[in-house]
Structures are given as structure tokens and as C-alpha cells.
Amino acid sequence: WIAFPFFIMYAIAVLGNITLLLVIKADPSLHEPMYLFLAMLAFTDLVLSTSTLPKMLAIFWMGSGKIGFVSCLVQLFFIHTFSSVESGVLMAMALDRYVAICRPLSHSSILSVTVVVALGTMVLVRGVLLISPACFLLHRMPFCQHHIISHSYCEHMAVAKLSCGDTRVNAIYGLFVALLVVGSDTFLITVSYTLILREVMKSPTEARRKAFSTCVSHICVILAFYVPALFTFLTHRFGQSIPPHIHIMVANLYLLVPPTMNPVIYGVRTKKIRDRVLLLL
């Protein structure tokens, strides 16, 4: 029965993110930095949720509790790479909002389509370069004990703990990547929204209310991604006292709640997208 809420959330995530991609692609007026970043976020959410949910539902409903080692590494690569990409896209969206609100006259020159594509490419390359060594380390490790992963998907440290070799390098590298990505991105996001809020306080009351409403919704999306993500990363290393089912549940929500929420928050609350969707319907 617990699979049904996950299935409903996954269906909303797939339908919502595909709708966003189709609407943004079909309407030339939406080919602006904010909507292009939103399209990147929608694609990333599709990859993240699809990397885990179909297999998880197969485990619940069909008892398909097996996965090949290479398939496990591929799943692990996509999950961690696109988690890094999602973090980078959220950071890029925060920078876009900062330029749009604090430097509106320079927005089109600073964030041209070429710059947006370059930022998206850099974020993707960063994720691939940071996660590939972790997969390589796992591939070279000896596995001579039990092969049961105490998780609903192939997570880096969950797989590493199955090895009968020394896992300290994996643990250190995984923590380094998590802190590097989350640390740098959250720092830039915090600075961007601090400057945005400082600028908004100088605006008239109505403009201030709209800006606050937008900022609060964006911050909710950011917290929904980073809080469970940090909990998941740190629990593997320092949370031995936390019950496994709590850890697994939070880890599942971290990969499913943002893809479900993002189309609703960004799509429903963005007037141009909402109007296009209503027109399409």
C-alpha cells in the first residue's frame, strides 16, 4: 500500500514536468533565461524521479528485488549526477532572479541565451566529472560478502558498505563532493536572495508583496531539495543511531518531492506558463 502515494507523486512529477517542457518549447516568448532554467530543472527532475521510482515500484508490486552490478552503477551515476545538476540549476535560477531584480536593465546582456546554455552545460559537466570517480572507485572494490542493499535504490555509500575492502576513500570522497556542491551552491543562493531581499525592501508596497511571494515559493523549493539531501548524505556517515526506515523514507522523498513540487510551484505560480497551459487545455 505504501507504493500508491509514491506512484501518485511520480505520475504528477512526470505529467507536470513534461507539460512544462512542451509548453516552454512550443512558445517562443518563453525562450527567456528564467524559463530556459525552468526547462533544465524539469528535465533534471524527470531523470531523477525516473532513475528510482520505476524500480522501486517493481520492488513493491512485483517483488523484483534484484539489480545487476553494472545496472546498479548506472542508476547510482544518474541519481548523484543529476542531484548535482539540480543543485546547480537552482543556483543558476537564483542568480537569474538576482540579475532580473537588482540589475534589470542589464539582464538581457548579462544572461543571454548563449550564457544560459553555457551555464547549463557547465553544471552538467561538473556533475559528470565529480560523480564518475565515485563509480570508478566502486567498480574496483572487492565484493565478497552479502549483496543485499539496505535501500530502495543504489546509493553510493549503501553500495560501498557491501564491500569487504576499505571504504574510507569512498566515504571521504563522497562527503567531499556533497559538501563542495551543496556548500558552493547554497552560498551563492544565500548571497543572491539576501541581495534580492535588500533590493525589494526599497520597492513600493505592492511590488514588495509580489517579490516576497515569489522569493518565498522559490525558497520552499530550495529547502525541499537541500534539507532531505543533506540529511541523507550525512546520515550514511554520522547517523548510525537513526532507524534505517527513517533514513530510507527521507532518501526517497528527497528524490521525489522536489520533482513533484517544482511543476506546481513554478508552473501554477508563473502567470505566463499558467496561461499557456490553460490555453493548451
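Student: How many aromatic pairs does the count come to?

Tutor: In this predicted model, the count comes to nine aromatic pairs.

Student: Why is the pair of Phe 78 and Phe 82 called stacked?

Tutor: The ring centres of Phe 78 and Phe 82 are 6.1 Å apart, and a pair requires centres within 6.5 Å. The planes stand at 5 degrees, and planes under 30 degrees apart count as stacked. The pair is therefore stacked.

Student: Why is Phe 78 called partly exposed, and what makes Phe 82 buried?

Tutor: Buried means under 20% relative accessible area and exposed means over 50%, with partly exposed in between. Phe 78 has a relative accessibility of 33%, so Phe 78 counts as partly exposed. Phe 82 has a relative accessible area of 10%, and Phe 82 is therefore buried.

Student: What makes the pair of Phe 225 and Tyr 254 tilted?

Tutor: The angle between the planes of Phe 225 and Tyr 254 is 50 degrees. Stacked requires under 30 degrees and edge-to-face over 60, and the rest count as tilted. The distance is 5.9 Å centre to centre, against the limit of 6.5 Å for a pair. The conclusion is a tilted aromatic pair.

Student: Which parts of the chain does that pair link?

Tutor: It links distant parts: Phe 225 is in helix 8 and Tyr 254 is in helix 9, 29 residues apart.

Student: How do you know whether Phe 225 and Tyr 254 are buried or exposed?

Tutor: The cut-off for buried is under 20%. Phe 225 has 3% relative accessibility, so Phe 225 counts as buried. Tyr 254 also has 3% relative accessibility, so Tyr 254 counts as buried.

Student: Which residues do ring pairs link into a cluster?

Tutor: The cluster joins Phe 43, Phe 77, Phe 78 and Phe 82.

Student: Which residues of helix 5 are buried, and what do the buried residues pack against?

Tutor: Among the buried residues of helix 5 are Val 116, Gly 120, Val 123, Leu 130 and Ile 131. The buried residues of helix 5 pack against helix 2, helix 3, helix 6 and helix 7.

Student: Why is Gly 63 called exposed?

Tutor: Exposed means over 50% relative accessible area. Gly 63 is at 60% relative accessibility, so Gly 63 counts as exposed. The residue sits in the loop between helix 2 and helix 3. From Gly 63 to Leu 130 there are 67 residues in sequence and 33 Å in space, C-alpha to C-alpha.

Student: How many cavities of 30 Å³ or more are counted, and what makes up the lining of the largest cavity?

Tutor: The count comes to two cavities of 30 Å³ or more. The largest cavity has a volume of about 240 Å³. Its lining has 20 residues, of which His 80, Ile 131, Val 177, Ala 178 and Phe 233 lie nearest the centre. Helix 7 gives the most to this lining, with six residues. By class, the lining of the largest cavity has twelve nonpolar, six polar and two charged residues.

Student: Which residues line the second largest cavity?

Tutor: The second largest cavity, of about 40 Å³, is lined by Leu 90, Met 93, Tyr 193, His 218, Ile 222 and Tyr 266. By class, five of these lining residues are nonpolar, one is polar and none is charged.

Student: What volume does the largest pocket have, and which helix gives the most to its lining?

Tutor: The volume of the largest pocket is about 510 Å³. Among its 25 lining residues, Lys 210, Thr 214, His 218, Arg 269 and Thr 270 are the closest to the centre. Helix 8 gives the most to the lining, with nine residues.

Methods: Residues numbered from 1 in each chain as written. Predicted model: local features only at pLDDT ≥ 70, side-chain atom pairs only at ≥ 80, totals over all residues. Heavy atoms only, no water. 1 Å grid on protein atoms, 1.4 Å probe; cavity = no way out; pocket = protein on both sides within 12 Å on 5 of 7 lines; lining within 4 Å. Points joined across faces, edges and corners; volume = space filled by probe spheres on them. Helix = DSSP H or I, 4+ residues; strand = E, 2+ residues; numbered from the N terminus. Nonpolar A, V, L, I, M, F, W, Y, C, P; charged D, E, K, R; others polar. Buried < 20%, exposed > 50% of the residue type's maximum accessible area, 1.4 Å probe, protein only. Contact = heavy atoms within 4.5 Å. Phe/Tyr/Trp six-rings, centres within 6.5 Å; stacked < 30°, edge-to-face > 60°.
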